[in-house]
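Have a look at the coordinates below, and then we can go through them together.

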Amino acid sequence: MIRPAEIRPATAGPPDPAPAAERRPGPEPAPRGGTLARQRRRLFIPFVGPALLLYSVLFIAPIGAAVWISLHNWAGSGPMTWAGLRNYTRLFHDDLFTQSLRNTLELLFVVGAAVFAISFALTLILRDMAGRKAVRAVIFFPHLVNALVYGVLVGFLFNPDGLANSLLAHLGIHSPPQWLAQDNLFPLIMVTMTWMTTGYFTTILMAGVDRIPVSYYEDCALAGAGPLQRLRYVILPLTWDVFGVCAVLWTISSVKIFEIVWIFGGSSGNGIPPTKTWTSAVYTYATAFSGDSVPSYGAATASAILSLLLVTVLVVLLRRLMRREAVEF
Amino acid sequence: MTSSLSAPRSGRRLRRRRGPGPLGGRGPLRTAGVAVTWLFVGANIAGLIWLVLQAFRDTRSILASPWGLPRSLSPHNFVHAWTDSGFGRAAVNSVLVTGISSVLTVAVAAPAAYWLARQDTRLSRGLTLFFVLGLGVPVQVILIPLFVMLNRVYLTDSLIGLNLVYIGVSLPFTVFLLTGFFRSLPKELEEAAALDGVSPAATFWRIMLPIARGGIVTALVLQVIAHWNETLLALTLLQSTDKYTLPIALISFVQQQTYSGADWGGLFAGLSIVVLPMLAVYIWLGRRLTEGLTLGMGK
Amino acid sequence: MGTQSAGRRRNVPIALGAAGALVCVVTACSGTGPGSSKEFTYWSMWKQGEPQQKVIAAAVADFQKQTGVKVKVQWQGRNNLQKLVPALNTNSVPDLVDGPYVKLVPALVATRQSLGLTAAFDTAVDGTTAGKLVPAKYLKTIDIKDAAGKPWMLPYSLTSDAVWYDAAAHPELRTDPPRTWDDFIALLNRLKQAGQTPLAADGDVTGYNAAYLSTLIVRNLGPGGLKKIASDRTGNAWLDPAVLDAAKKVEQLVRGGYLIDGYKASKWPAQQQKWANGKAALMFMGSWLPTESATYAEKGLTYASFPFPTTGAGHDSMRADFVGFAVPKKAHHAADAQRFAAFLLNKKYQDELGQEAKVIPVRADAATSPEMAGVKKSLDSADSFHQQNDGVAFPGYNEKLFWAKDDELFFGKISADTFVHDMQAAQAAYWKDQPQ
């Protein structure tokens, strides 16, 4: 699809900022690599063994158990009764589930796009701004703070008598929006998510951009490229693999988004948030752990397995999409 | 983002202009961007200052005038929050769990990733995919089975059990990240080492690991950040208050401060107790954290 | 919402000696009975520092001293039952848990994991048995019997609800509270005309919103009425005129503009705080309101309450949610756990629960705080009772179906007619998908 590799500026030879990275798919060079590879193969047990064991026992086995549970009706304890695929079919015509899934996808794509656009813009702005390190440090910090803190603060900010409205009143706005109305809650969560994660990804992207040798920009300037062209032909292609990692990182974290939704609605986590804000992770949790009604673990795990399938597809697609886009330099 | 990219056309390189940085312009857009950035930074700092100031006030005055300033700097709220919350113990637990699990995750993942990156067989490709598939598993899927399994071996309500679980759930991403990283490292050194008769294991320890430092530090930092705030697993797997990690202690503290006669001043003091030391550590280590985060990113 | 709470700020030194000796006599201190060992584990719904926790902790200390049984307490807070469920699949279950009735049912009882507490009920306390100290009139409508006919719960306190007001600002309500719905609406109108905000409500807590409709349905159909409707697999029960009438009354509240500005868009406890500061006259809330709001209530606020008005259908039950102990079937030290459960019914601790923790102790003869006087009086004089959510706990029913739809009614997005028809359809779909 996209092959930006040819744009390597022709004038200066590529300087070598880091050990030259080379991607060499395919078999090893025949004679010496062969023995090396054979020797290395023997390291399978000591090298891969522990990871494989831990991963299988602590991750794959529970997933297997979860698949098993999802085929049953089960209240979390007591007898299990076979349900076949009924838990799954039920989910497909549960509007709440589809809506929760839609919310998850909205977080994934809308917040994802916002985070990346802002992070990228920030990266470019910060690149030669005074005090960039300080700014980066400040915007990164919100990511380290537990989401619960925001859940508590949001009430103070956006209650009808909250800080936001009293500020607006000073500016002469006396009929401010109903920030915390159920319909506005999810957008508010999305904004908070963006707030929390932008600094994190900015930091990562900045590092990617910083790795681009300065001489490339000079070449660009010599070639008369404007800022947008520079962005398009130098920065984006050269940070493509950083984007790739970030995209995967965001995808896998966004489908797990749970705490922030849980505490934003329903009195800081004491009650259940309004269903309009549910993500598929919240749906799973509420189905199994709401505490207000008999838990149904079968349905809960079924919904979790469905989101697992969704993410797997997304991650595989992402990797397809991002593959081979990296530029070596 | 991808749609804006297309194959470059050579005709574009004709005009000559100078600009310092990547988006080097001095246009209004950039000025606005800088302004917004500072506003963003300012809002973050203001929020934190507000939180700390409110921590010195009592519930009634906070509710009456949320913009108000404290009338005295009495540490009463802080003392109260500290004794009620168990944050001290929880912070120690959190540091232990986060530290140990992050180090072990990377220690286990790095050799595996190296092997997977350097082998190109059906087995290694299959295994790589096997690990990558775990990337998307939401933790809630495995919550119940994990609990039952761990309980069989007496590892629920145990920080060791929590450590193990954190290692297990972090392996997919760490292996994914490090496999990519090792793949990007040159092979010449290993080949030379092999010619010199160095065993592959020794090559890994003595040659590859030092080169891979960047990637490993990054993987470590990413795990530290992820585990520091992990809530769901800790909430389910830990029962005793003396085993609570910081997020769980925070949840129970918030519940405690809002149920039993809301004490907002105490709550804010508690939040400050959690946030401020982290801020201090962050100011102290932040450079290394953000640099470590990105050393091996995508390389 | 498990927000039973209290705001005790003093820690009264406990007269260990005298009361201890007395208790020892009546609880058979004479060594360990059959099947009991020297310790048991208790997962508490209270957090360290809460007033209830302090009372129970004192009881634990006394119990240990008198019986030599070590009580291993985890003060887990309201998540204790959620943590219990996965643990029930293992062999290390706690021996004793506590919680409100509505949370114990789904966690423990619906899956038949609870132990019959006959031993606890038969334990001698203050010259009688623990079981006899639980007023029999509650047990007529609150079903705490398991499949084998044994009680699975030993309550130690009650939560109820009421319409709360400040008696200092509205002394007239003390002498002449509204009794019927029409009286109530008339009162709301009067308040509105006087330029006051009649009703406060924290609309973000869906369970609170649903309390209006649940209570009105129970008023129209009697205790168990809502549960019967919810159990109807066709959903047609929602089309009953009595149900529509209840929904219309909620609509009347909403359309009448009686509810406080911003109730649709605030975060708990914002509106509760306003009520406690005189910005709204009334609030329909659980009996925990006085303690929960004590720290920010305006000075001079005198908590008083009257029961939720009746609708003319002749039903005037009081809400009575048991909060109490249950023992999992798999418990290894069930005998000692039951002894402790009964131990908390000693008058000493019951009085402390009433006076220090300011909840309503289950024993009828226990002391209560002045704030609870109104509720206590109504409970004492009532002869029928209903549960929070009228005991409805079908999987996902409340949080996914009923409360979500009720919010639309309570926020004025749909009419009462639309609401009952929506509920009919949604409930039919719900039951179609439920396993038989």
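In this predicted model, D166(C) stands opposite Y303(C), a residue of strand β10(C). Strands of a sheet pair through backbone hydrogen bonds, either parallel or antiparallel.

Which strands make up the rest of this sheet, and in what order? Reading across chain C, the order is β8-β9-β7-β10, four strands in an open sheet with mixed pairing. At the edges sit β8 (199-200) and β10 (303-306) of chain C, each of which pairs on one side only.

How far can you trust chain C? The mean pLDDT of the chain is 88, and 91% of its residues score at least 70. Helix α12 of chain C (residues 241-255) has the highest mean among the elements of the chain, 97, while helix α1 of chain C (residues 16-26) has the lowest, 36. The pLDDT is below 50 over residues 1-36 of chain C, yet this stretch has 73 contacts in the model beyond near neighbours in sequence. Where pLDDT is low, the predicted coordinates should not be read in detail. For the complex, the predictor gives an ipTM of 0.78 and a pTM of 0.82.

Turning to chain A, you will find domain 1 at residues 26-70 and domain 2 at residues 83-322. Their C-alpha centres lie 33 Å apart. Where the two domains of chain A meet, four residues of domain 1 are in contact with seven residues of domain 2.

Chain A also touches chain C, with 36 residues from chain A and 38 residues from chain C taking part in the contact. On the chain A side, the elements that give two or more residues are α6 (147-158), α13 (266-269) and α14 (280-289). Of these, α14(A) provides the largest share, three residues.

The table sets out two of these contacting sides by residue class.

| Contacting side | Nonpolar | Polar | Charged |
|---|---|---|---|
| Domain 1 of chain A, touching domain 2 of chain A | three residues | one residue | no residues |
| Chain A, touching chain C | 14 residues | 20 residues | two residues |

Notes:
Residues numbered from 1 in each chain as written. Chains lettered and ligands numbered in written order. Predicted model: local features only at pLDDT ≥ 70, side-chain atom pairs only at ≥ 80, totals over all residues. Pairing = 2+ DSSP bridges. Domains from an automatic or database assignment. Nonpolar A, V, L, I, M, F, W, Y, C, P; charged D, E, K, R; others polar. pLDDT = per-residue confidence, 0-100.
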